[in-house]
Structures are given as structure tokens and as C-alpha cells.
Amino acid sequence: MKRNYVSVLIIVAMMCGSFILNAQQKNYINYQGVVRDAENELLVEESVEIGIALKFGATNAPIQYEESHIISTDMNGVFSLQIGSGINSNGDYENLPWGEASFVAVSFNGSELGTTELMAVPYAITSGSDQWIVDGNTITNKNIGEVRITDDLQVFGEFTLNDGNAVNEISDDGTLLDNSSTTLPTQKAVKTYVDSRVVGGGEAQNAVEVPFDNLESGLTAINVQDALDELVIAGMGGTDDDMDSTNELQDISLSGTDLSISDGSTIDLSTIIPPGGTDDQNAFEVPFDNTGTGLAAGDTQAAIVELAAGGLVDTDDQDLSLSGTTLQITDGASVDLSTIIPPGGTDDQEASEVPFDNTGTGLAAADTQAAIAELAAGGLVDTDDQGLVLTGDVLSIEDGVGNVDFSDFFNRTTRHGLLVGDDGIIDGLVGTADGQVAKWDAALGNWVAGTDEVGGGSGSSVWGDIADGINYNDGNVSIGQNSPGHLPDASQYFTVSGGVTDGDFGAIEIKGRQNTIGMPIGRFGFLSLSNIGSTFEIARIEARISDGAQFLGDLGFFTMNGSDGTDASLQERMTIKRTGNVGIGVINPTSKLEVDGIIRSTTLMGSGDRNVVADVDGNLKIGAIGGSSLWMVNDDGIYFDGGYVGIGIDNPVTNLDIFSRRSNPLRLETFASQNWISYNNSNGYIGYTGIFNGANDMDFGTGVLNTIGKVHLVTGASPKLTLIPNGNVGIGTINPTANLHLIGNSNLNKPLLKLEEEGNDYARLEFKNTESDAFWHVAGVGEDGFGSGSNSKINFYFNNDQGAGNRMTITGDGRVGVNTSNPSARLTIYQDGQDVGNGLSFSDGGPNEDWHITHGYGLRFHYGNTLKAFINASTGAYTVSSDRRLKKDIEPLPSVLDKVSLLKPSTYVYKADTTKTKTLGLIAQDVQPLFPEFVSKSDGDGMLGVNYSGFSVVALRAIQEQQFIIEKQSEKISNLEERLRRLEARIGK
């Protein structure tokens with residue numbers, strides 16, 4: 001038989017981590033693959049159509065872009081293409097959302113082969129210039145994710161945040177004590193600084209703390225103090241000729257926010273003093289009015305530079321100090337700043353700090369505190385509390401006018417009855433007897449206490465109230481007519497009228513709620529009442545759920561049979577199934593009528609046994625139409641010699657033709673010890689089939705066996721095949737213990753079971769059940785000749801209504817393939833897709849999730865459905881999954897330097913190591929109290945392990961902390977060296 005092959009395309013895709021930028025400014029993605037056929041042979045120099053479809057977000061997401069490429073493979077079966085440059089059939093390549101996870105689905109000649117996640121290319125594209133939209137002088141980033149900047153961010157204008165957003169952790173210096181010129185303070189830091197430096201009387205700022213830009217001054221100093229020292233040392237300020245320090249001192253004074261120095265200029269501080277500003281300003285940020293100063297500079301930095309360059313700086317140093325709100329200059333006057341700085345800092349204002357417009361109010365106050373005081377003093381604010389007073393039925397307010405009289409209202413808590421009324425008319429309705437109901441009296445136009453549901457006020461309610469319902473036991477009940485009861489002799493009636501016109505009918509509905517097979521939906525019960533008060537249900541009609549579906553139902557009829565109430569029980573006598581089958585004495589009938597017992601017809605009663613036949617109308621009659629029985633009587637037997645005899649078949653083709661749908665088509669029974677069927681011809685006896693020794697053995701052949709209850713195929717006196725009563729068949733044994741039991745001596749030339757196919761095709765063994773058309777085949781084929789090792793195979797083949805294929809193959813040269821019939825290694829797994837579950841998995845059978853290993857353009861490791869790591873196919877690097885989209889609760893790592901110093905790196909030898917090799921590492925119990933995140937415990941044996949790779953992150957953090965310390969120490973050393981230089985210069989001078 002000729003073999004059939006299904007052509008399969010195998011593509012190994014290789015994508016570059018970069019993209020191609022052509023003249024039209026399009027970003028193309030390099031894509032390369034190898035094409036093989038079903039026999040793993042390369043498709044060399046053949047034209048193929050490759051389809052590319054891009055999805056974003058998930059593998060099952062809708063396709064957003066499609067294109068096709070008509071290309072030819074080279075002599076190695078390799079093809080190359082650029083995604084984005086093909087024949088477009090759907091979507092816009094220029095506006096794809098590359099910021100999301102990206103997936104490419106590849107098809108070959110119209111048949112989709114699988115979907116692969118793009119790991120690197122989309123990120124390169126998202127960093128391209130097309131992620132920025134230019135609108136005049138404004139550019140906007142259209143990326144939907146984060147915009148990250150690895151180097152410095154320089155802003156030459158205002159830095160603006162939208163309303164509701166905040167700058168998080170720009171500075172960790174809550175008091176700004178270091179006075180950094182490179183740190184943007186938080187609002188909290190600004191307030192803390194103002195409270196401690198300006199209002200709270202904290203540490204005052206010295207000139208050494210005020211930085212300035214020395215690029216244009218020609219000085220090396222980086223703060224005001226050092227600049228003044230440098231000017232003095234360089235002699236730029238001149239010498240003090242008279243050596244009198246007092247005649248050159250100047251005083252400063254403050255008027256409003258104008259700060260003046262005697263014989264000098266005035267500076268308006270409103271721009272830098274709250275509310276104008278409270279941050280640490282650099283000198284170039286502080287403007288001043290240079291009118292009359294003779295300076296060209298417009299800010300403090302430029303003024304210092306201009307004064308230094310012109311030699312106009314006074315060399316007598318004066319320091320500013322702040323005590324509380326008093327600003328003091330050395331050897332000069334002091335200024336109280338309390339008039340321009342609010343107590344408590346720049347927020348949390350007192351009422352006296354809050355101004356308001358008093359225009360039109362008639363008040364003289366200019367702030368909230370004064371306004372409150374003025375209103376209170378003028379008697380315009382009433383501070384006396386007023387209460388509500390109830391005198392009798394009259395409600396009033398203290399020292400007020402008006403009241404409310406409640407005398408027309410009654411206290412409903414002391415009344416009984418039902419409030420009824422219409423609009424403003426409210427009356428009380430009180431009953432006079434039990435069982436009355438409220439009803440509307442049209443004549444009175446009001447509600448009255450009624451005793452029935454219709455008519456006037458006669459009679460009482462016909463329904464009684466019981467614990468869980470209502471009842472009526474005083475007469476008959478009718479629905480649809482006035483007079484219930486038509487059958488004679490009954491004492492109680494429940495009548496449902498069918499109406500008054502043709503087509504009307506009455507109905508009684510019983511509704512139940514069940515979803516369990518065999519449970520009742522509703523019942524009619526017939527009860528017998530005894531004179532001693534006992535009640536027995538003696539008959540019942542019941543409807544119930546059948547086969548578990550709401551629209552499938554059975555109907556059962558029950559009667560009771562017993563001598564008294566102790567042994568009597570309801571028994572189902574007749575059943576009507578949902579299929580229409582009726583059973584009498586049978587609960588689950590399988591025919592239209594199935595009876596457990598004798599069926600008797602009075603129309604067929606008579607004397608003697610007679611034949612009963614059916615006429616053409618289906619009526620049963622004694623003596624068939626056209627004659628009686630065809631069998632003739634001969635002494636103690638009957639016979640028929642008119643032709644063939646059929647039993648269960650209407651067209652017999654042999655002397656005795658038996659067809660039976662039952663389990664026992666033919667039975668031989670005798671009082672003798674032997675029952676047998678003999679085979680004879682004109683030459684006499686030649687064989688037999690018989691049951692011997694008066695019991696159950698049945699033998700075929702020419703000998704006699706004395707084994708009970710078995711069927712033997714015999715040659716001579718030796719059984720070759722045995723069938724026992726439970727259906728087991730034995731070959732080589734008379735006691736089979738399985739459906740088919742073979743015993744014998746096998747070897748390479750004589751197997752116990754041999755399947756041999758005619759022709760050059762697979763020999764097959766099939767496995768299936770009676771409930772499904774699905775089946776398994778174990779099929780094997782062997783070949784001789786060169787290369788037959790890979791062509792000789794055993795396939796495990798499965799087929800059902802969803803498809804078919806070889807699920808596992810073992811080749812003659814020892815290769816095993818899972819989901820492929822052409823394994824290329826000792827074990828080959830064809831994933832048929834890259835989703836989790838298509839590759840190799842490991843399960844411990846416990847509460848842990850399974851590990852999955854799959855491959856695409858890399859070997860991927862999943863725990864459950866979560867990607868944990870992969871091995872890069874290009875570099876071979878083992879990469880741990882670290883995508884931000886997989887993480888939450890991301891926080892900066894706190895200080896680790898102290899804990900790192902407590903770690904105990906050790907050398908040791910593993911007890912199980914017979915070579916006694918020294919090993920470097922850590923002890924898990926030592927690491928656990930310091931870094932519990934890096935210590936894990938095995939549930940099986942309780943052993944602890946250390947995540948050594950995690951310490952790389954700790955090392956990075958420790959290096960950062962050490963670098964920060966080094967920079968701070970370097971800065972302090974530089975300052976000390978500079979101070980030492982100045983001291984040495986002064987000493988030398």
C-alpha cells in the first residue's frame with residue numbers, strides 16, 4: 001500500500017535586535033527562516049508565499065496588521081524578509097502600538113504555522129523618532145508607557161506638572177541642611193527649612209553656605225564666604241589705611257520689604273521672602289534694583305562679579321545672623337522681620353494672617369481675626385445658645401417668635417387600627433371581629449372593616465390562617481363557577497370550571513423545582529382516614545425528572561398493599577416514560593409496552609391450548625386466518641417438511657435458520673447425561689459438538705474432555721483453544737485469566753502474538769470503546785536496506801472528531817518523537833505552537849504549579865503560566881524574567897551597607913564530597929536574618945538554600961551607598977584643603 005504524506009513547513013525564525021531605516025523613514029524588522037518539508041528535507045530554491053500578521057497585548061489578541069511576501073529560498077532553504085515592507089492587506093504599519101507586548105503570526109501558502117512573541121525589536125522601534133510628534137515648537141511623545149532618561153535631564157525653562165500630579169522623592173533631605181544647589185526640594189522640605197531657618201530660629205545660614213557661580217568672576221571660590229576670603233587674600237579690596245574698623249561700617253535697615261544699607265542701595269526682598277519665595281536661592285537668582293548704585297548688574301551674582309572686578313568690595317567682613325525673627329549684621333543695626341514673615345512658616349496661617357476685602361462690610365478690620373473681634377464687640381454676633389421648648393402641645397424657641405401647635409395631631413403610638421384616607425382626609429379604621437379585612441365601600445366613598453372579599457359586610461373570611469399557609473375546611477371550593485361538585489357520593493369537592501363557551505377548559509397546575517434525576521416535580525396523593533385518627537396514603541400519581549433535563553419527565557402510578565399500616569408500602573405499579581414506553585411492573589420499560597407478569601385477555605379465553613395470531617388489522621385471534629399451526633404432530637413430536645424453517649427470520653435459506661437478538665439463540669436440554677450435536681454424511685459419523693457428563697463442558701473435535709463449564713477446540717485429546725463462562729479465551733491454557741490469555745514459549749522467530757500486514761504498510765492494533773468513534777492505533781512497519789533505521793517506525797496514532805495524527809513515534813535507529821513522526825534526535829518534541837503546555841512539563845502532584853519548558857527563538861522556563869527565565873538563542877545567555885509588566889509594589893531598595901558588613905563569607909567542604917574540595921560561599925542560616933528574601937526552604941526535607949544571583953542587586957546598592965559616602969568625603973576633604981590653603985595664606989601673609 002502506498003504511503004501518504006502531509007506537507008509541513010518548518011520555519012526557524014531569526015530576528016535581529018535592530019531595525020532598518022529606509023529613505024521613506026520606515027522601521028522594518030529583519031526576519032529570516034529555514035523551510036523544510038515533512039521528511040525534514042530542505043526546500044531549496046523554491047518560490048513560497050510567507051504571510052506576516054502582527055498582534056499586540058496577547059497571543060489571542062485581534063490582528064492589527066497583515067502583509068505577504070512572495071520570496072524564493074536559497075540553496076540552503078533559507079529565506080529573508082523585512083516585516084513592514086511586504087504587500088499590505090490589513091492595518092497601518094506606521095501607527096502600530098509597539099509599546100505593548102508584540103506577537104508575530106507566520107503563515108506558509110495560506111496556512112498559519114504559529115505565533116511568536118517579539119522580544120526586542122518593538123522596543124527598538126518605540127525608541128525611534130516616530131514616537132515623537134512635532135507641532136510647531138512643541139513635541140509630544142505618543143508612547144503609552146514610561147519615558148525613561150538614563151543621563152541628565154536639562155530644562156532651560158519652566159518644569160510643569162499637570163494638576164493632581166506630584167514629584168516623588170526628588171530630595172530625601174527633609175530640612176535642606178546641606179543647602180544643595182542640585183536638588184529640587186519637596187513642599188515639605190521647603191516648609192521645614194523655613195520653619196527651622198527663618199521662623200523657628202534654627203541654624204542660621206552663614207556666608208559659606210551660600211553658593212554662587214564663579215565662571216565669570218575669575219575666582220576659585222564656590223560660595224560667598226570663600227569668595228570674600230579670596231578677595232581679601234588677593235588684595236582686591238584695598239587696605240585699611242587708618243586701621244579704624246568702625247568708620248567704614250555700614251548699617252542696614254528694613255522698611256516693609258525694602259532692605260537698605262547706609263550710604264548704599266536699597267533691595268526689595270518681596271520676591272524672595274514669603275510669600276515670594278522660601279527656597280535656597282543662588283546668587284544669580286536674587287534680583288535687585290541697581291538704580292543709583294552705579295552698577296550694571298541686575299542680580300546679586302552679577303553684582304558680586306562686577307564689584308570684584310572693579311575693586312569696590314569693602315574688605316571689612318561683616319556677618320549676618322538671625323535670632324528668632326531678628327536679622328543682625330556684625331557691628332551694625334538689627335532688623336525685626338516679624339512684620340513680613342508669618343509665624344509658623346509659609347502655611348498654616350492664623351486668622352490674623354488672612355486678609356480680606358472689607359469694602360461694603362462697614363468694618364474697619366483688614367484681616368479675618370480683627371473682623372471677628374470687631375463683629376463681637378459691636379454686638380453683631382450672637383453667641384447665646386437657643387433651645388426648643390415644648391409647653392403642652394405648643395413648640396417654641398427660646399427668645400424667639402412664633403410657635404407650632406401640635407394639638408391637632410394625635411400620638412399614633414397610643415392608637416390602634418389602620419390609618420386610611422385620601423389626600424388630606426385621614427381616618428382610623430378599627431375592626432370589630434377576628435378575620436376582618438379592609439375593603440372599599442363605593443357607596444360611602446371610604447374604607448370599611450369587611451368580613452369577606454366581595455359584597456357588603458356579611459359573613460367571615462373563608463380562609464383560615466395556619467402555621468405555614470392558609471386552609472379552608474368548612475365546605476367545597478370551586479374556581480370558575482359558583483357551585484362546586486358534580487360527582488355523587490363525595491363529601492368534599494374541589495372543582496375547576498372549564499368556562500362557558502366552546503374551547504374553554506379548566507386546568508390544575510402543579511409546579512416544582514428539581515434538577516436531580518428521579519425527584520418528584522408534583523404529586524396527587526390519595527389518603528385513607530381511619531376512625532382512630534390515623535392517615536395512610538394508599539395511592540399516588542407522581543411526575544418526576546428523567547435523565548436530568550428540565551424538559552424530560554416520567555409519570556408513575558403507585559398503590560399500597562399490606563395487611564396493616566406497619567407492613568404496607570407504596571409501590572410503583574405502572575410507569576409512563578418520557579420516551580412513550582409503558583411499563584406495568586417495570587419501572588424502566590424499553591418497549592412501547594413491557595409487562596412483568598402474565599397478560600390475560602377475556603376475549604381469548606376458551607378450552608385447551610390454541611395458537612394465537614394477529615389479523616391484518618392487528619387484532620389477536622385464536623386460530624390464524626387461513627388455517628392453524630403449520631407444524632404437524634407425530635406421536636410425541638412435531639415436524640415440518642414443507643421447506644426451510646426460520647426462527648427470528650422471515651426468509652430462511654437453510655433447513656434451520658436462526659436469527660436472535662437475545663443472548664441465548666439455541667438451547668439443548670435433556671434428562672440424559674450427554675447433549676450433543678453430531679455431524680454425519682453418507683459415510684457415517686465424522687465429528688461432534690457436545691456437552692458431556694450432564695453439566696457444562698462443550699467440546700469441538702474428535703475427543704472427549706471431562707472439564708466442567710468450558711468450550712474447547714480439541715485435536716486428539718489436547719485442547720488448543722478454551723472459552724470459559726466469564727468470556728475469557730485461552731490459547732495454550734484451559735484456565736484463561738484475561739479476555740485473551742496466551743501461554744507459550746516465544747522467541748525471535750515465534751512471538752506470542754504476531755500482527756503481519758500484507759504489503760509494504762503498517763501493521764495496526766486498535767483501541768476504542770463503544771461510547772465514541774475515537775480510537776488509538778499502535779502501528780509498526782519495518783524495512784530492509786540503507787537508511788531503514790529511520791524509516792522503520794512504531795507510531796502511536798490517535799483519531800477523533802477534532803482531527804488525527806501520530807502522537808508518538810519510535811524509529812528503528814532508536815529515536816523518539818512526541819507529536820512528530822520524524823524525530824531528529826534521541827528525543828524530539830514538536831510543540832505545534834509556543835504557548836505554555838505545548839512543550840515539556842514537570843509536576844510534583846502536590847499544591848505547587850507545574851514547570852513548563854518551551855522554545856521559540858530561545859528556551860523559555862515558565863512556572864505555571866508565568867515566564868521566569870529564558871536562554872537566548874543568539875548569545876546563549878541565561879536571562880531571568882524582569883519585565884516591569886510582571887511586577888507590582890515596586891519600591892526603592894533601602895540601605896543595605898550595614899547588613900552587607902555583617903555577612904560571613906566562608907570556605908567549607910560539603911559532607912557528601914568525597915574529594916574534600918574547598919568551596920566558597922555563604923551559610924543560609926547566617927544569611928536568613930539579614931536577607932530573608934534570598935533564603936528558600938525545601939518542603940521535602942526542610943533544607944535551606946541561598947539565591948546567590950540576588951546578591952548582585954545588593955552589591956549594586958552597596959556600591960551606590962559607598963560611592964555616595966566617597967563623594968561626600970571627597971567634598972569635605974576638598975573644603976578642608978581649601979580652608980587649609982586659606983589659613984596657610986593668612987599665616988604666610
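User: Over which ring does the charged end of Arg540 sit?
Analyst: Happy to start there: this is a predicted model, where local features need pLDDT of at least 70, side-chain atom pairs count only at pLDDT 80 or more, and totals for chains, interfaces and linings use all residues. Residues are numbered from 1 along each chain as its sequence is written, and side-chain values use heavy atoms, with hydrogens and water left out. A charge sits over a ring if NZ of Lys or CZ of Arg is within 6 Å of the ring centre and within 35 degrees of the ring normal. For Arg540, the distance to the ring centre is 5.4 Å, and the ring is that of Phe558.

User: How many bridges join strand E29 to strand E30?
Analyst: Strands (E, at least two residues) and helices (H or I, at least four) are DSSP runs numbered from the N terminus, and two strands pair if DSSP finds at least two bridges between them. E29 (residues 520-529) and E30 (residues 535-546) run antiparallel, and the bridges joining them number nine.

User: Which residue in the turn between E29 and E30 has a positive phi?
Analyst: The two strands form a hairpin with five residues between them. In that turn, the positive phi of about 95 degrees belongs to Gly533.

User: What angle lies between the planes of Tyr65 and Tyr93?
Analyst: Rings of Phe, Tyr and Trp (its six-membered ring) pair if their centres lie within 6.5 Å; planes under 30 degrees apart are stacked, over 60 edge-to-face, the rest tilted. That rule gives nine aromatic pairs. Tyr65 and Tyr93 form a tilted one, 5.2 Å centre to centre, with a plane angle of 55 degrees.

User: Why is the pair of Phe931 and Phe951 called edge-to-face?
Analyst: Phe931 lies in the loop between helix H8 (924-927) and strand E61 (935-937), and Phe951 in helix H9 (residues 951-988), so the pair ties together parts 20 residues apart in sequence. Both are buried (under 20% relative accessible area; exposed is over 50%, partly exposed in between, with a 1.4 Å probe and protein chains only). Their centres are 5.7 Å apart, and the pair is edge-to-face because the planes stand at 80 degrees.

User: Is Asn109 buried or partly exposed?
Analyst: Asn109 sits in the loop between strand E8 (102-108) and strand E9 (111-118). Although not a glycine, Asn109 has a positive phi of about 50 degrees. Its relative accessibility is 46%, so Asn109 counts as partly exposed.
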